Amino acid sequence: MRLLMIGRLNGELITASKIAMQRGAAVTQADAVPQGLTVLRARGADLIMIDVGLPIRELVTALEGERIRTPVVACGVSADASAAVAAIRAGAKEYIPLPPDPEMIAAVLEAVATDRAAFVWRDPSMERVVKLAEQVARSEASVLITGESGTGKEVLARHVHQKSNRANKPFVSVNCAAIPEALLESELFGHEKGAFTGAVARRIGRFEEANGGTLLLDEISEMDVRLQAKLLRALQERVIDRVGGSAPVRVDIRVLATSNRNLAEEVRKGTFREDLLYRLNVVGLRLPPLRERPADIIELATHFARKYAAVNGMPVRPLSAEARALVLRNPWRGNVRELENTLHRAVLLASGDAIGPEAILSPEGETFAAEGPAARAAQVAEAATRGLVGRTVAQVECDLILDTLDHCLGNRTHAAKILGISIRTLRNKLNEYVSAGLDVAEPGSVRASVACG
């Protein structure tokens, strides 16, 4: 755990620093925001603690502008609740009053260090995957994890890291689908000051952040084939070149990668390098979809019911027999992610001593069909087909894309995964729709108008 403390070290901050070090954190100190940003660019950090009297919004804005995803916690001696509220509104994730409570400091560090996505399984098909993952975890071999969207590929990758010889070193994840193509190279390899417009200072990339530990390349199939060549050299030679740099930088990392696509098929299409596939796929782990691991469904549903009861300060309630049967019948096309969201809703909507079937609802508030998924799918397909007659293919495609984006509350990455297209293809389509004057959902929202012509 790497902790950066920003603020002049008074007695309270010195105490907080000592507590953090006693809990195993490596602490670096900076007097002000500019110095703190310099430290982040050069070394990285897992958590930032900043004096509430410093410009927190300036720090958060700078982090967003430079795509540094480090959580910020404010701290201060003021007993004024408005100071804490202002810090949270400025972008801090938490507020810690000083003098510091050792248990509170420990809890914050543990929350950052602990894997937030618990690894839960029981089905024999998952047991075989986990057994193989743990068998190869202590090696230095690259691992390729495949499976449908939402099956838990990143969770398995973190499990491999935690069982490896690098468990006490950084675990750094990069979502290749979520970062624009023009910025991904800089995100991975870092850049020198002035390397391109907006490069106001040298910044280390994810390879250097992960030095000594594990780097996860999430959804690597979305990476442009030209960047794949530079990635291949980095994996083979264990050296990287910062964008605009003049000297190579040596790194010591273990690489894991995930994909929801068939990379062998992508090789045949020419969108993925065959030599890179061989380099990554030393060991291949395929996560089965949730519908193929029925024993996991109830285990996960019970876990999520407990988790979200605690998160929302509600009593822990079991699933009724009818709710369990309903959960087992659903096909869970969104896999574990869909199941988690459904149980979160169920915890909030349930009444009584148990979670009943009336609380197991879709995002739109609809109940799952009692006659089973096949009959429900047939009814939905029939209704959808009737609505397509008399429309052009382009209009139908437009509606499908924009409706899916609404369903994902404007999240481009999730929408692209559901649609089965690349994030670049989705962005191109959305640019066409915006140029045509159509309303396109922004992140965190849905459209005000819905017509595609």
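Mentor: Helix 13 and helix 15 make a right-handed crossing. Right-handed means the near helix is turned clockwise from the far one by less than a right angle; anticlockwise is left-handed. The model is predicted: local features need pLDDT of at least 70, side-chain atom pairs count only at 80 or more, and totals for chains, interfaces and linings use all residues. Residues are numbered from 1 along each chain as its sequence is written, and side-chain values use heavy atoms, without hydrogens and water.

Trainee: What makes helix 13 oblique to helix 15?

Mentor: The axes of helix 13 (residues 294-311) and helix 15 (residues 335-349) cross at roughly 45° and come within 9 Å. Under 35 degrees is roughly parallel, over 145 roughly antiparallel, 65 to 115 roughly perpendicular, and the rest oblique. Therefore helix 13 is oblique to helix 15.

Trainee: Which residues of helix 13 and helix 15 meet?

Mentor: Among them are L300, F304 and Y308 in helix 13, and L339, L343 and V347 in helix 15. The residues of this contact (heavy atoms within 4.5 Å) divide into 11 nonpolar, one polar and two charged.

Trainee: Why is E209 called buried?

Mentor: Its relative accessible area is 15%. Buried means under 20%, exposed over 50%, and partly exposed in between, with a 1.4 Å probe and protein chains only. So E209 is buried.

Trainee: Where is E209 found?

Mentor: E209 is in helix 9 (residues 206-209). Beyond its neighbours within four places in sequence, E209 contacts R2, P170, V172, R203 and I204.

Note on methods
Helices (H or I, at least four residues) and strands (E, at least two) are DSSP runs, numbered from the N terminus. Axes are lines fitted to C-alpha atoms, for helices over the stretch in contact, and angles run from 0 to 180 degrees between N-to-C directions. Ala, Val, Leu, Ile, Met, Phe, Trp, Tyr, Cys and Pro count as nonpolar, Asp, Glu, Lys and Arg as charged, and the others, Gly among them, as polar.
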